[in-house]
Amino acid sequence: MISKKIQIKLLEEMLKIRLTEEMIAKKYYEQKMRCPIHLSIGQEATATGVCFGLKDSDKVFSAHRSHAHYIAKGGSIKSLLSELHGKISGCAKGLGGSMHLLDLNKGFSGAVPIVGSSIPIATGTAWANKLKKLNDLVIIFLGDGATEEGVFFESLDFASLKKLKILFVCENNFFSVYSPIDKRQSKKRNLCKIANSLGIKSTFIDGNDIENIYLKTKQIKKYIKKNSEPFFLLLNTFRYIEHCGPNNDDHLKYRNINTIKFWEKKCPIVNYQKKLIKRKILDHKKLTKLKKKIFNTLIKSFKYAEEQNFPTKKILNEFIDA
Amino acid sequence: MLKKIKKYSEVIKETLDYNLKKNKKVVLMGLGVDDPKGIFGTTLNLHKKYKNRVFDLPTAENGFTGFALGLSINGMFPVITHQRVEFSLLAFEQFVNQIAKWNFMTGGKVSNPMIIRLIIGRGWGQGPQHSQSLEILFSHIPGVNVLTPSTPQSVRGLFNSSFKEKKPTIIFEHRWLHETYGNSPKLNYFTKIGKAKILKSGSDITLVGFSYSVINCLESAKILKKFNISAEVIDLQSLRPLDINTILKSAKKTKNIIIVDNGWSFYGISAEISAQVAEKLCNLKNLKIDRLGNKNTPMPSTKSLAKLCYVNPYDIVVSAEKMLNKKFKNLKKFKLKEYYADQPNKNFLGPF
Ligand SMILES: Cc1ncc(C[n+]2csc(CCOP(=O)(O)OP(=O)(O)O)c2C)c(N)n1
């Protein structure tokens, strides 16, 4: 059983991601955040469930759609928003933008927008942990698209060979930009079995079921540490807005209306709220209060980001090497 | 004959359509070629017209570049599209070792015609991994054509000519050029590969550019004219083969030459051209050469720094001022508008 405290905390974490992303989307048109953004709205449970309870010394890597992972790992919202605004207070001093987040104090080690490219880097980090005799975990979030790259297979292979303490988390949202999974992968393809055939244990979980993700990954993390073995986790989920940008793009009709409706009913946050209310752990008043608290912090964080300075030439000159 | 003004991206689409229709061996492939955005409009809806010859692909760049080579050596004509230059780097081995060498390795027995379209990103915070041009990496390798059309006219002509080639051809398209308009020649218009084009003739100074840097050269030529300087603007069009003769001829005439890179000038295209001009015209008295390129760092995402990294027309004019030993009055007023580094025009709002 999950304690009441943790139940509330799981919801709060998901809400934090959702409200942050929604506010980014809402304010994007003001043109102060001038970088491509890949929002995680709809995919909050995967990030929250997997990252919950990790230590700061456990390291998380991600790709282009990394806001949720960054927030779930405890990354500073002020630094995130500053980065999106291109400010010096950003987590990469404005040099990276939304596609290059990191928070080293919190163990969010990096995110890159070249599909698949952070998988071997995370694997190398797990290798470093092994060579340095550290018992920390490495977690790499990757999309269904990323599993088509060669480095995905190479990384699984190597992690298995070297018995690395790494958790590969594939968030399958069924689309790579506008391209549905059945146009890119054989219907007979089975990711969990692929991992198994390379000597890696695997599990499939509904990616919108926060409690199940939390409970199962808790065991998985123990398993990885105890056996010094990698693990592969497959989570099905859905993004609610466009691939890149702040808008809904369902008018383009690349996703079936029934599929969209199916996943809307499966909203990880709405459903969990209902569940907690039914369990009497939460009521509407408490929920409003919780949202209000997050909202107020967000308003402050946005204000902070907007008020910070842009980086100056000086920082750039530090990188000149020719 | 009445000239037609068309958008660069529209001309690409028409030309691809024209070649798909004319040559049944042509196969179009790449991530998103059949999606609702159709690679910034350049392949929009072609999949509906050519049902079995336009293919979306898995995110497997290294693999599918090899697949394309496989098609090519078996008589087909693949056209690969990458929405950013950077995505093609996953297939650099296939490109350098296989595609560029297949014809040579087979003693010339097997040719492997194909087109690889590489799109250069810029602005709206693209940042370090979505805005590199890297023409030099590809131009360094013998065995391929590398083309950089900068106008609707040359994009038509160079695509058409590439479809006639036996060699593989890389075509660089700058994302900001997709949005530009210009005279569009008829569907069967050809531009000779390996020829530069004088876009504007002049007598005082030569400005050499390619791809988007041509736009900067033309803009700076306009500013220079206000100071009574007559600039000749050369669009390279083709980086490999390189039409050095057109450049030399112009340099001999003006004795002042500025080469403007699209990316970094350090070991850049401008370095090669400067070296050749210096070698071949070393006896020419008073010859002056300068070259400009992006700041020697990765490209920052924030616009406050990106604007300091890109060469802009003002920088070219400043270089010309120095080269010509002039003092241009009130030059500062030609410093650029804020949105220049970040947006090609005010309507460009990303996200990419
Ligand atoms: C090597 C490479 N190829 C193509 C792209 C363009 N691209 C950016 S995000 C993306 C979708 C990847 O899909 P997936 O990994 O499933 O992640 P999702 O966007 O669904 O979260 C693609 C194809 C890229 N960034 N890098």
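A note on the ground rules. This is a predicted model, where local features need pLDDT of at least 70 and side-chain atom pairs count only at pLDDT 80 or more, while totals for chains, interfaces and linings use all residues. Residues are numbered from 1 along each chain as its sequence is written, chains are lettered from A in the order in which they are written, and side-chain values use heavy atoms, with hydrogens and water left out.

**B:Val317**
I checked its accessibility: at 0%, B:Val317 counts as buried (under 20% relative accessible area; exposed is over 50%, partly exposed in between; 1.4 Å probe, protein chains only). Skipping residues up to four places away in sequence, I listed its contacts (heavy atoms within 4.5 Å): B:Ser220, B:Ile223, B:Leu224, B:Phe328 and B:Leu331. B:Ile223 is 94 residues away along the chain, yet the two C-alpha atoms are separated by 7.3 Å.

**Helix α1 of chain B**
I compared length with expectation, taken as 1.5 Å times one less than the number of residues. The 15 residues of α1 (residues 8-22) should span 21 Å, and the end C-alpha atoms are 21 Å apart, so the two agree. Eleven of the 15 are buried, among them B:Tyr8, B:Glu14 and B:Asp17.

**A:Ser155**
I found A:Ser155 in helix α6 (residues 150-161) of chain A, buried at 4% relative accessible area. Its side chain reaches the backbone oxygen of A:Val151 at 2.6 Å. Beyond four places in sequence, A:Ser155 touches A:Ile119, A:Pro120, A:Thr123 and A:Phe168.

**Chain A against chain B**
I counted 40 residues of chain A in contact with 37 of chain B. The two chains bury about 3200 Å², 63% of it on carbon and sulfur atoms (accessible area, 1.4 Å probe, lost on being put together and summed over both parts).

I then looked for salt bridges (a side-chain nitrogen of Lys or Arg within 4 Å of a carboxyl oxygen of Asp or Glu) and got three across the interface. B:Asp56 forms one with A:Lys183, with the closest N and O atoms 3.4 Å apart. Helix α12 (residues 313-317) gives the most to chain A's side, with four residues.

How values were computed. Helix = DSSP H or I, 4+ residues; strand = E, 2+ residues; numbered from the N terminus. Polar contact = N/O pair within 3.5 Å; in protein donor to acceptor, adjacent residues only side chain to side chain.
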